[in-house]
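This briefing concerns a predicted model.

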Amino acid sequence: MQVLLCSIGAIVLIANARGALFPKESYLGSFWSTTTSKPGGVKHELHTLPVDAKAVADGDTITVYVDMANPHESGNVPREVQEAAAERIKLRAAKNYQKADALQKIIVDAGYRQVPNLSGDQVLAKKYRVRLRGIDAPENSMPYGKEAKEELVKLVQGRTLKISVYDTDWYGRLVGDVVCNGVFVQTSSLAIASLQCKKWNVSRLRNGV
């Protein structure tokens with residue numbers, strides 16, 4: 001029964017992903033040239049700071065941070081957040097951590113944070129929760145949920161991501177396609193899930209289960 005459930009789960013996951021990731025409509029140019037006028041088209045792109053392992057919630061959800069120096073984002077930062085971020089850097093340099101922490105609360109409450117960039121410098125960044133488009137991974141407490149999360153961590157940990165945003169779901173997460181070091185993360189996730197399921201089935205059969 002478990003073998004059957006695993007096989008059915010893999011088939012459903014792949015079928016759903018194929019429908020979402022590779023629709024029948026034909027778009028001009030490459031995959032990344034989908035226009036915003038098309039239904040389900042890319043609305044905008046995000047280029048993230050390096051991803052921390054703790055930012056991976058499960059096999060299909062990642063929390064990312066985007067540097068507010070990005071032209072698409074910079075004009076949306078509230079003035080009070082900009083001022084708090086600039087003052088906090090000065091206070092930390094002066095080792096006045098108590099006042100710096102108070103300013104940090106203002107920044108965080110507004111949905112921002114100061115995090116290190118690739119050079120190790122503290123930059124103002126906005127937090128986004130991202131759901132991988134076309135992927136419906138099992139919850140962490142479900143069979144293969146832990147493995148799905150671990151594999152996603154291996155793909156994105158410590159790396160910057162390019163996210164093509166298509167929509168926002170009921171939970172406020174951005175729904176998008178994720179590319180890491182030129183690798184389409186959803187395709188890799190599907191391939192890994194399929195391989196794990198096959199290995200598990202072979203192991204069960206060898207053991208006569």
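**Packing around Leu-161**

- Leaving aside residues up to four places away in sequence, Leu-161 touches Leu-46, His-47, Thr-48, Val-51, Ile-62, Val-64, Val-156, Val-178, Val-179 and Cys-180.
- Leu-161 is also among the residues with the most contacts inside the largest nonpolar core, together with Ile-62, Val-64, Leu-124, Val-156 and Ile-163.

**Nonpolar cores**

- The largest nonpolar core comprises 34 residues.
- Two or more residues of this core come from each of the strands E3 (61-67), E5 (122-132), E6 (161-168) and E7 (174-180).
- The helices H3 (79-93), H4 (97-109) and H5 (145-156) likewise each give two or more residues to the core.
- Another core, of five residues, lies apart from the largest one; its members include Leu-49, Val-115, Val-123 and Ala-125.
- In soluble globular proteins, nonpolar side chains tend to be buried together.

- Most residues other than glycine have a negative phi.
- Lys-95, which is not a glycine, has a positive phi of about 65 degrees.
- This lysine, Lys-95, is found in the loop between H3 and H4, and its relative accessible area of 64% makes Lys-95 exposed.
- Asn-181, also not a glycine, has a positive phi of about 50 degrees.
- Asn-181 is placed in the loop between E7 and strand E8 (183-184).
- With a relative accessible area of 59%, Asn-181 is exposed.

How values were computed
Residues numbered from 1 in each chain as written. Predicted model: local features only at pLDDT ≥ 70, side-chain atom pairs only at ≥ 80, totals over all residues. Heavy atoms only, no water. Core = buried A, V, L, I, M, F, W, Y, C linked by side-chain atoms within 4.5 Å. Buried < 20%, exposed > 50% of the residue type's maximum accessible area, 1.4 Å probe, protein only. Helix = DSSP H or I, 4+ residues; strand = E, 2+ residues; numbered from the N terminus. Contact = heavy atoms within 4.5 Å.
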